[in-house]
Amino acid sequence: MKKIIINADDLGFSVGVNQAILKANTEGYLTHASLMANTEYFQDAIQLIPKFKNLRIGVHVTLTCGKALYDKNVLAKNGKLDWTFAKLLFLRKTSKVLESLENEIENQILKIKENGIEISHIDGHEHVHIIPSINKIVRRLAKKHQIPRIREINENFFESLKFNGSTTNLANIIKLILLKTLSLFNKGEKKIGFYCMMNTCDVRSKNLFRFLRESKSYETVEIMLHPGIKSLDSEEYLRNLDPRFVSFFKDDSRRTEFELCFEKEFEAFVRI
């Protein structure tokens, strides 16, 4: 029987995300969440910790939004991080840049630990942890802080195309190819599979459960979801965000992925 990790990214990003994760965990089948340490609603998420039901919490390394936690971070502008994956990928990694990256990521880890959370895993907002130079830092810090699991982007391209090809788009296909190519330079263990980049932020229940029933690639699979309740997020908060994040919060897929967390078909698999 396949083992599954049902993980919600972006805990701490907004009130709507925090409440969706709370409900998906306490009333649904959500098992894990990745916490952003440098966002406006981090403390709101921390206050919900006693209400969660055996929720395993990891670090969602955040370099493309939020405030810098390392006060000497050369990547910050007016104390804020405002990068994209592409800019970080092609950024010249000088010694000062690498020092800032390592200190920023470690400060995010420490902030979560200081709030009494036992960290179960680490991954990256917008997958920045897959960039090889950043991945080396993440792996070094994971070992230092005894974080047992790092997210791998290792889904089988052709198998993913089989199960998700009818609902994907060219952008996600290119994204998967890029991330898998970059992953070749990282020292991943490849023990836990990943689902699913072809429908990233738009996971469909029909595709997912067909994959879980029929896929032979991995005994254990992490399912990445981005649930949210958009009615809870204020327009004032959204106005201060990058437009790409506003579109993300307002997308109907936040509700779809939230509702997916309550599907009884998850009971057919071992949730770990």
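Predicted model: local features only at pLDDT ≥ 70, side-chain atom pairs only at ≥ 80, totals over all residues.
Colleague: Why are helices H4 and H5 called oblique to each other?

Modeller: H4 (residues 95-114) and H5 (residues 132-144) pack at an angle of about 40 degrees, their axes lying 10 Å apart. Angles under 35 degrees count as roughly parallel and those from 65 to 115 as roughly perpendicular. The pair is therefore oblique, and the crossing of H4 and H5 is right-handed.

Colleague: Which residues in H4 and H5 meet?

Modeller: From H4, Leu 98, Leu 101, Glu 102, Ile 105, Glu 106 and Ile 109 take part. Their partners in H5 are Ser 133, Ile 134, Ile 137, Val 138, Arg 140, Leu 141 and Lys 144. By class, the residues of this contact comprise 8 nonpolar, 1 polar and 4 charged.

Colleague: What makes Arg 151 count as buried?

Modeller: Buried means under 20% relative accessible area. Arg 151 has a relative accessibility of 1%, so it counts as buried. Arg 151 is located in the loop between H5 and helix H6 (157-164). Residues that Arg 151 touches include Asn 7, Ser 34, His 127, Phe 194 and Glu 222.

Colleague: What makes the pairing of Arg 151 and Asp 9 a polar contact?

Modeller: The cut-off for a pair of N or O atoms is 3.5 Å. The side chains of Arg 151 and Asp 9 are joined at 2.8 Å, as a polar contact.

Colleague: Which residues of helix H8 are buried, and against what do they pack?

Modeller: In H8 (residues 205-214), the buried residues are Asn 207, Leu 208, Phe 209, Phe 211 and Leu 212. They pack against several elements, among them H6, strand E1 (3-11) and helix H11 (253-260).

Methods. Residues numbered from 1 in each chain as written. Heavy atoms only, no water. Axes fitted to C-alpha atoms, helices over the stretch in contact; angles between N-to-C directions. Helix = DSSP H or I, 4+ residues; strand = E, 2+ residues; numbered from the N terminus. Parallel < 35°, antiparallel > 145°, perpendicular 65-115°, else oblique. Left-handed = near helix turned anticlockwise from the far one by under 90°. Contact = heavy atoms within 4.5 Å. Nonpolar A, V, L, I, M, F, W, Y, C, P; charged D, E, K, R; others polar. Buried < 20%, exposed > 50% of the residue type's maximum accessible area, 1.4 Å probe, protein only. Polar contact = N/O pair within 3.5 Å; in protein donor to acceptor, adjacent residues only side chain to side chain. Lists of a residue's contacts leave out its neighbours within four places in sequence.
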